[in-house]
Amino acid sequence: MLKFLADENLDASILRGLLRRNAILDIVRVQDYGLSQTEDTIILEWAAQNDRVVLTHDLRTMPDFAYQRIANQQKMPGLIVMRPDIRVGIAIDDILLISECLTPEELADGVIRLPL
């Protein structure tokens with residue numbers, strides 16, 4: 001089962017919708033672990049140490065840092081990045097589909113862009 005870390009810029013409607021549709025989804029927020037306003041590299045490191053796939057709207061910097069981790073052969077459980085203008089329902093459907101169809105091993109070292 002995939003475990004997720006919601007970046008602080010993730011639309012709260014998406015987070016609420018995910019938990020409404022799947023109450024047992026293992027998802028935590030960066031804010032819950034004192035990582036608010038933290039550099040992307042630190043968030044990705046924390047996610048790697050805790051085997052969590054990062055959910056973010058940060059198209060500008062987060063993918064580049066994720067690809068750097070992969071290139072440096074650092075652990076990278078995965079990154080799901082979505083456009084800020086993605087429709088909430090589509091984001092929820094796509095994330096739930098990924099959570100049901102992919103294993104942690106299949107998503108490791110991967111960056112998935114939504115919508116699918």
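Which residues of α4 are buried? In this predicted model, where residues are numbered from 1 along each chain as its sequence is written, local features need pLDDT of at least 70, side-chain atom pairs count only at pLDDT 80 or more, and totals for chains, interfaces and linings use all residues. Side-chain values use heavy atoms, with hydrogens and water left out.

The buried residues of α4 are A91, I92, D94, I95, L96, I98 and S99. Buried here means under 20% relative accessible area, exposed means over 50%, and partly exposed lies in between (1.4 Å probe, protein chains only). Helices (H or I, at least four residues) and strands (E, at least two) are DSSP runs, numbered from the N terminus. Helix α4 contains 14 residues and spans 20 Å from its first C-alpha to its last, close to the 20 Å expected at 1.5 Å a residue; the expected span is 1.5 Å times one less than the number of residues. The buried residues of α4 pack against β1, α1, β3, β4, α5 (104-107) and β5, contact being defined as heavy atoms within 4.5 Å. E100 also belongs to helix α4, but E100 is exposed, with a relative accessible area of 61%. The C-alpha atoms of E100 and L25 are separated by 10 Å, although these residues are 75 places apart along the chain.

The largest nonpolar core has 22 residues, of which F4, L18, L55, I80 and M82 touch the most other members. A nonpolar core is a set of buried Ala, Val, Leu, Ile, Met, Phe, Trp, Tyr and Cys residues joined through side-chain atoms within 4.5 Å. Two or more residues are given to this core by each of β1, α1, β3, β4, α4 and β5 (111-114), and α4 supplies the largest share, five residues. Another core, of 15 residues, lies apart from it and includes L5, I43, L44 and A47. With neighbours within four places in sequence left aside, M82 is in contact with L10, I14, L55, T56, H57, L59, A91, I95 and L114.

In helix α1 (residues 12-21), the residues I14, L15, G17 and L18 are buried. Seen down the axis of α1, these buried residues fall within an arc of 165°, so they line one face of the helix; the arc is that of the directions from the helix axis to the C-beta atoms. The elements covering them include β1 (3-6), β2 (26-29), β3 (53-56), β4 (79-82) and α4 (88-101). At the start of α1, a side-chain oxygen of D11 comes to within 2.7 Å of the backbone nitrogen of S13.

In helix α2, D40, I43, L44, W46, A47 and A48 are buried, and these residues pack against β1, β2, β3 and α3. The whole structure holds one aromatic pair. Y33 and W46 form this pair, which is tilted, with 4.9 Å centre to centre and 45° between the planes. Rings of Phe, Tyr and Trp (its six-membered ring) pair if their centres lie within 6.5 Å; planes under 30 degrees apart count as stacked, over 60 as edge-to-face and the rest as tilted. Distant parts of the chain are linked in this way, since Y33 is in the loop between β2 and α2 (40-49) and W46 is in helix α2, 13 residues apart. Y33 is partly exposed at 44% relative accessibility, whereas W46 is buried at 16%.

T38 is also found in the loop between β2 and α2. A polar atom of the T38 side chain lies 2.7 Å from the backbone oxygen of L35. Residues up to four places away in sequence not counted, T38 touches E8 and I43.

R69 is placed in helix α3 (residues 62-71) and is buried, with a relative accessible area of 7%. Beyond residues up to four places away in sequence, R69 touches L44, E45, A48, Q74, K75 and M76.

Several backbone features complete the description. Q73, in the loop between α3 and β4, has a positive phi of about 55° although it is not a glycine, and Q73 is exposed, with a relative accessible area of 75%. D109, in the loop between α5 and β5, likewise is not a glycine and has a positive phi of about 65°; D109 is partly exposed at 46% relative accessibility. A cis peptide bond, with omega about 10°, joins L114 and P115, and P115 is in the segment after β5.

Methods:
A polar contact is a pair of N or O atoms within 3.5 Å; within protein, one must be able to donate a hydrogen and the other to accept it, and residues adjacent in sequence count only if both atoms are side-chain atoms.
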